[in-house]
Structures are given as structure tokens and as C-alpha cells.
Amino acid sequence: MATQTLNSSINGEVVDDDDLLCSDAATTSSIIEQGERQPFGLNCVNGYLKGEARIERAWAHWKKLGEPKLIVAPMVDNSELPFRLLCRKHGAQAAYTPMFHSRIFSENEKYRSLEFTTCKEDRPLFVQFCANDPDTLLEAARRVEPYCDYVDINLGCPQRIARRGNYGAFLMDNLPLVKSLVEKLASNLDVPVSCKIRVFPNLQDTLSYAKMLEDAGCSLLAVHGRTRDEKDGKKFRANWEAIKAVRDVVRIPVLANGDIRHMDDVHNCLEKTGADGVLSAESLLENPALFAGYRTAEWGLSTAGIKEDGKLDQAELLVDYLKLCERHPVPWRMIRSHVHKMLGEWFRIQPSVREDFNQQSQLTFEFLYDLVNRLRELGVSVPLYVKETQEEAASPNGDAA
């Protein structure tokens, strides 16, 4: 049954209940409440740095952050603070916020306070914006630079909303504008500018694009190895060879994005691309413990040397996520989405529980904790998988001696 929606009113404005914060707890770590945080400065403005000095500064900053290799990719409505913290607990070494609309972010205080929250454990952090106006982008970026390690420009979103809004991957048709966005931030911020891009169908175009971004002041480049038209990640494999080619022509840190579904993919990608780190998106939504070595049945059952873990599963991960949401409130729509992603396989076994969940127009933590208990009481168990230890692999029975 389709989800029924009730509306509430805040200051006379009608809003969907799923857009309300899941709690009024005073622990919300919005940027409005973090005045005591000291800005992270580079001690000089990037715009004054040219050539070698800028490259050296890019690497010095990356090394100061510990050269993180396992990174949560930006995901609209999905890479919010509680989810970032959950992934960090299970191996992620850095994370991106969801993409924020620079104009709305700079103009609307409610949007800022609801959508962007952080805390001291949430570092290193990339804050990502979409934009098509340099001045508007700078205004938004200045509001977050004290609370992050990079301000990131989204140059890779391939969705229709990005086409209509003239941002994301559709700025690939207007490279002078892209250059002006990067230059504006690089010349005026105290934190480095990073960019997340997709590849062009033609490799040389991609390499020229990457070099242009570096020359404009980009200090770190994340490359999604698919073109703007290759939106279906299951249908189109990521082009790791193109990422390697970018790594070979630019002198700043490069991150690889695409087809990171488990830790074997991480190791293979780093080896084949030479990238300085990897981003994972969709696979983390289903399995936030991916970077800790866990994998779902899709990548575990048919793989030699993989065993059922028996200790951690998605239901336990969801409970941890809900506890983080109670400490760091976010809109209910984000929680609803994560429940569907983490418990998708569980709901397939017990579709009546999913139907009950979908019928809830107003969620509560009590209901969600009870939902997990109901699934367990119904005997649902969907394990995660891990690699066998060397001792287990050497044992004739597959068990450690």
C-alpha cells in the first residue's frame, strides 16, 4: 500500500511529517550551534599559491588528514551525520555530506540547520555543493569552511533535476563556468577546494578537463568512472582505466569512485588506478560495514574463502544507526530511506512487516526498534559475510583448529 502522508505546520508553513526532525534533542550539532569550533585554516589564501606551491600545499593538507583511503561518497538525503558516523565506526576514514544546493543554503537558515549537521568526530569531512554561480557558491562555502576539511563542487550529478537546474554533470557543457567556480573558491577560502566529476566519452577530453580543474585551483579530484549518460551502475561498469589515466596526468590527490562493493574491490581499484583513495555509495547504504570487511550475500555466497560472520548483521547496524539519530536528529525521510536500504532483504522474507512500515505516516523510534524485534521474532536472519582467516582457510573443514 502506498505510504499515507500527514502534514504538520511550523510557523504557519505546512510541511510533510517526514521532513520534521526525528527528535527535538538539544544534541543536534548544526553549524548554527558550533560557534566554539575554530576554523581550519591553511594560513594563506589558495589564490596566492601558484604552480609548485599549490601542489605542495594540496599534498601537505592531504597528508595532515592521514591520507584517508576509505571514504563515504556524497548521497542526497543519505550521507547525513548519523549515517556518516555509523560508517566511520565500521572503517570509513572520511566522508562527504549530501549535496547541498548553494543558493538555498546561502539564503535559507532553516535549510542549513536541518540539512547540515556535524560534530567533532565527523572528520575528515567534505561538504559538497552544487552551483552555477561563483558568488552564490562562495557565499554558501564560507558558511561551512570552519567545519570541514574540503569544500567540494558537485560536477558529477547526472540526474534530470541537475539538467533542469544547470548544475552537476551538465556543467561539462560549459567548462569556462566550471573553471570560474573553482577559481572563485580557491582564491577566497581558507580550506581547499575539491571537485567530484564524471568522465567524458572521449578520454582526452577527460584528461584536459582534469588538468583544467587542477590549474584552476582544485586540490583534490574525485573521479566517477562513468559518463554522464551511464546512470545505471548495475548496467555500466566503471572505467577504472580512465581513472588511472587521470591519476597519471594530474599532480593532486585523486579518489576513485565506481564499483566499490566490498574490500576486494577496494584493493583491486587502488592497485589498478593508482588512486589515493576510493569512494563507495550505494553499496554502503545496504552494508554500512563494508569498509570493515563485511559483505552481503550477493558478494559472499559465491566467493571462495568467504564465511558467514554470525556476529554482525544489517538489523544490528540499523539499531546502531537509530541510536545515532536519537543523538543527532535528522529529518524522518532520511531515516525511512535507510530502513528500506538496510532491511531490504529482510523485508523480502517478511513483506507484511514492510507493508506495516510503509503504512506509517508518522514514524517513532519505538516503532522502529519494535520492527527490528518483530523481524527477529519471526525468525528472519540475513547474515553478513567476512573472509576466512588464514588458519580457517588452511583447515580441512574450513574451521580454525
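A residue counts as partly exposed when its relative accessible area lies between the buried limit of under 20% and the exposed limit of over 50%. In this predicted model, E67 has a relative accessibility of 32% and is therefore partly exposed. E67 sits in the loop that links α1 (51-64) to β3 (70-72). Its backbone stands out as well: E67 has a positive phi of about 50°, although it is not a glycine.

N166 is found in the loop between α6 (160-165) and α7. With a relative accessible area of 35%, N166 is partly exposed.

The peptide bond joining R123 and P124 is cis, with omega at about -5°.

The next topic is helix packing. Two packed helices are described by the angle between their axes and the distance between the axes. Helix α7 (residues 175-188) and helix α8 (residues 203-216) have axes that come within 8 Å and cross at roughly 30°. Angles under 35 degrees count as roughly parallel, and α7 and α8 are therefore roughly parallel to each other. Their crossing is right-handed. On the α7 side, the contact is made by L175, V178, K179, V182, E183 and A186, and on the α8 side by Y209, M212, L213 and A216.

Technical notes. Residues are numbered from 1 along each chain as its sequence is written. This is a predicted model: local features need pLDDT of at least 70, side-chain atom pairs count only at pLDDT 80 or more; totals for chains, interfaces and linings use all residues. Side-chain values use heavy atoms; hydrogens and water are left out. Axes are lines fitted to C-alpha atoms, for helices over the stretch in contact, and angles run from 0 to 180 degrees between N-to-C directions. Helices (H or I, at least four residues) and strands (E, at least two) are DSSP runs, numbered from the N terminus. Angles under 35 degrees count as roughly parallel, over 145 as roughly antiparallel, 65 to 115 as roughly perpendicular and the rest as oblique. A crossing is left-handed if the near helix is turned anticlockwise from the far one by less than a right angle, and right-handed if clockwise. Contact means heavy atoms within 4.5 Å. Buried means under 20% relative accessible area, exposed over 50%, partly exposed in between (1.4 Å probe, protein chains only).
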